[in-house]
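Biologist: Could you walk me through this model? I would like to start with helix packing and then move to the chain contacts.

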Amino acid sequence: MSVAATHDERLARTWGDAGGLWGFITTVDHKRIAARYIVLTIALLVLDGLLAIDMRLQLAFPALKRLEAQGYNESFSLHGSAMMFLVSVPVMEAMAIWLVPLMLGQRNMAFPRLNAFSFWMYLGGVLMLWVPHLANVTPDLGWFEYPPLSGPGYSPGHRADIWAQMITFTEVAALAASVNTFVTIMRMRPPGMTLARMPLFLWAMLITSLMTIFALPAVMLVTSMLISDRLVATHFFDAAMGGDVVLFQHIFWFFGHPEVYIIFIPALGFVAAITETFCRRTVFGYVPLVLSLVAIGVLAFGLWVHHMFAVGLPKLGASFYTAASLVIAIPAGIQIFCYIATLWSGRPRFATPLMWVLAFIVTFVIGGLSGVMTASAPLDLQLTDTYFVVAHLHYVLIGGAMFPLFGAFAYWYPKATGRLLSEAWGKVAFWLIVGGFNLGFFPMHLLGLMGMPRRIYTYPVETGWQPLNILASVGAAIAGVGAAVFVGNALVSLWRGRTAGPNPWGGATLEWATSSPPPPHNFDQIPVVSDLTPLWRDERQVMEGLADDHRELLLTTAIEARPDYRQQSPDPSIWPLLTALAVSAMFVGSIFTPWALVWGALPIGAAVTGWFWPKRRT
Amino acid sequence: MSAQPPATVVGDVSGLPDTAMGPRSLVWWGTLGFMLIEGTAFLLAAAAYLYLRGQATTWPPSGHPPPDLTLGALFTVILLLSEIPNRWLAAKAKAQETRPVRLGIVVMSVLGIVLMAIRYLEFGRLNVNWDHDAYGSATWMLMILHATHVLTDLADTVVLGACIFTRKITASQFSDVNDNSFYWSFVVLTWLPIYALVYWGPRLL
């Protein structure tokens, strides 16, 4: 027994970080990196929520002047840009960074330093948007900044550059995280976890990481083209010189539409995990669920033009993309039916995480139906740029992604902190947020049908839009109170919550096999898996033999997950932070001068060399 | 909630190797991931070029002769030939042979420098500037995108070289050399469609 304790202690020492600030900036522990990612995204979610409430206050009454047009433009641009690029995508990556190694029974991700680099770049993106905002240089053209409005002719100054470069930061972060997630899932599954025995959450993250890899280069490319039009007088989007503004839209939406699913598919992974645990049965229809996830991932790349129906494209193209957009309702529907079947045939326990799943099903179905409506080109011509679209996108993104995320938060909070959230306050927050959300956004469908355009800062009283707008604003305020309860619950439960123990919900996947919170090395031994729900078996199998005096991981084969070789895993390092600083300097500099790309490359080269320079092992 | 059943030890991994080469190695997969990202960027940039071509009545727009063929052809030939030492280097890295690997790294570094020098001259023979019109912008975008990749791999090769000349080469560094060769093959392959677009697009499209 004492020998085993020594082994665990040595593992904890080997995988632990230095204390203090140095430990904080050099850590490559996936749990710590994910935790700071998640805390930052939640802080921004709150900030963006406050912006939303501010806008709802403005629109509650007609002809209000408290926010002028410019202030309103900045508010919705900040809200949309931050929500899409700094909250929704990063928080899903962060959940993967935290959960994937735990669900794989692993001690870290494939590339721990790349993980640290990803976070620092993300932090750079956050600062890129919010620091200039404090200096009153705020992007003001919405979350997709179309030229020619964002081009050099109509947007002098640096507002558009800041938006474009914020995207570069966050996309570098997201791509780094995605490659890491992809390789970790492909090569670091525990022995026995063949692809066919992989939890649905891991399938969801595998597909998401591949989608990110194929979608995000588009937005990096197009924003770089925009910056170069603005900085060095290229003419990609300048019609007078042979350029074309619609090209921007094509490339942007080639990224923009998959992005919606990059946010949504991880949420389906949360739904699968929560539904399984709280229905106390394996999820109904594993194979159709996996296939429909793959189908969503593929189809998502063939829909982008439905964001451009009003641009004046050839009719045949519009018809094709209408059909393609309708087709994606089929795999999305399969998902919903499978979860309903699981609920129907299981023994559901309606704890807060499952409540969020129910809210997801209802809200996402409404959002999906309004999506089928807007996917139809003729109807879209009437609805585009109205509040109907605002309602639709919030039903899909909040209902489809944020509700499952809140459920995931409640579900895995005890694993991360060792304590349970208060169920009672969790339910209060749930009803306030879900009720407030529906009260806030459902009327927007009607406002859109009545013709209220999106992105207006005020409206005259004669329009008759006031009553529904007041309703929407009251709903937003109620949801805001709910959010405060949710965050308050999370903070108070940190020291007042009941002790959770390793597996408070009786979950079946490997993350519940270790203590809560997990030790630095996550698992003392290598778990071996023989079915989809390893923790529901009466026996537990493990492998041994990894070093405990230096960081070592087990790699397995890509399909069958057979033990392959032992991989050294890097120690904590300052180089990811230094590299991120060097890259940040180049990105910020390149807003002002193209020479930043040349001179900025030198410190990056130096930092990357330091990063990869092999350490002598004694 | 439920206590875990006691664990049965069913295997010991301490006898497994501690490095792997090629598609078995972790870094190979990471390299693959970044190739997919960069390959997508190349494809989209090429699509943008073709899209802009579709919007124009003549290509290149009047006033620009197409890029001179000589330097582009020279670059392409040397790049393609560089695959021979590159594959040889990969094989020697796989076989973990120190001297040939050191020689191969030097050869690949020299080839990279020569190619970058030609690339530098190529920019002067494109017969269009990036700020002339959208054709010029698209041409320069493709060329810079690819030049960045040549330069990145050159830097990687030089640093690897510095590393393996100053110390005994470990198995994981042999693996790094192998992955670096893998990446160079990607740089070679991606050039072919870009070469076709930049040099033959203005003549044939």
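Modeller: In α4(A), the residues Ser88(A), Val91(A), Met95(A) and Leu99(A) meet Leu397(A), Ala401(A), Leu405(A), Ala408(A) and Trp412(A) of α14(A), where contact means C-beta atoms, placed from the backbone, within 7 Å. This is a predicted model, in which local features need pLDDT of at least 70, side-chain atom pairs count only at pLDDT 80 or more, and totals for chains, interfaces and linings use all residues. Residues are numbered from 1 along each chain as its sequence is written, while chains are lettered from A and ligands numbered from 1 in the order in which they are written.

Biologist: OK, switching to the chains: how many residues of chain B are in contact with chain A?

Modeller: On the chain B side there are 47 residues, in contact with 54 residues of chain A.

Biologist: And which elements of chain B give two or more residues to that side?

Modeller: Those are β1 (7–12), α1 (26–55) and α4 (134–165) of chain B, helices being DSSP runs of H or I with at least four residues and strands runs of E with at least two, numbered from the N terminus. The most comes from α1(B), with 15 residues.

Biologist: What is the residue make-up of that side of chain B?

Modeller: The side of chain B that touches chain A has 29 nonpolar, 13 polar and five charged residues.

Note on methods
Contact = placed C-beta atoms within 7 Å. Nonpolar A, V, L, I, M, F, W, Y, C, P; charged D, E, K, R; others polar.
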